[in-house]
Amino acid sequence: MIRIILATLAVGTALLFALDAGSRMLTDNNAAARAFILSDLFWPAVGGFIVMALAMLLAIHSAYRFHPGRLSGRNRGGEG
């Protein structure tokens with residue numbers, strides 16, 4: 001159990017350092033990206049992205065959960 005926790009912390013730390021390095025590279029070399037991040041439209045865009053991602057996850061989950069093949073009585077042959 002402790003190995004899983006340590007591996008998760010290591011991967012998470014590496015991802016945060018990579019995200020930090022990537023964001024510095026993006027904002028140092030791109031004035032338009034820096035202007036967008038500092039604008040009033042940045043946080044609504046982040047919120048919209050999160051809402052869109054959650055809607056996609058809900059749609060995928062619903063498609064899997066309520067697939068006709070999984071519903072009782074839907075895949076019985078010979079009736080109907």
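Reply: The chain exposes about 7,300 Å², and carbon and sulfur atoms supply 70% of that area; accessible areas come from the Shrake-Rupley method with a 1.4 Å probe, and for residues only the protein chains shown count as cover. This is a predicted model, in which local features need pLDDT of at least 70 and side-chain atom pairs count only at pLDDT 80 or more, whereas totals for chains, interfaces and linings use all residues. Residues are numbered from 1 along each chain as its sequence is written, and side-chain values use heavy atoms, with hydrogens and water left out.

Me: How many helices and strands does the chain have?

Reply: Helices (H or I, at least four residues) and strands (E, at least two) are DSSP runs numbered from the N terminus. Here the chain has 3 helices and 0 strands, which gives the pattern α-α-α along the sequence.

Me: What share of the 80 residues is buried?

Reply: Buried means under 20% relative accessible area, exposed over 50%, and partly exposed in between. By that scale, buried residues make up 4% of the 80 residues in the chain.

Me: How many aromatic pairs does the structure hold?

Reply: A pair of aromatic rings is described by the distance of the centres and the angle of the planes. Rings of Phe, Tyr and Trp (its six-membered ring) pair if their centres lie within 6.5 Å, and planes under 30 degrees apart count as stacked, over 60 as edge-to-face and the rest as tilted. The structure holds 2 such pairs. F36 and F42 form an edge-to-face pair, 5.8 Å centre to centre with 80 degrees between the planes. The rings of F42 and W43 have centres 5.0 Å apart and planes at 75 degrees, so this pair is edge-to-face. F36, F42 and W43 form one aromatic cluster.

Me: Is F42 buried or exposed?

Reply: F42 counts as buried because its relative accessibility is 19%, while F36, at 38%, counts as partly exposed, and W43, with a relative accessible area of 63%, is exposed.

Note on methods
Buried means under 20% relative accessible area, exposed over 50%, partly exposed in between (1.4 Å probe, protein chains only).
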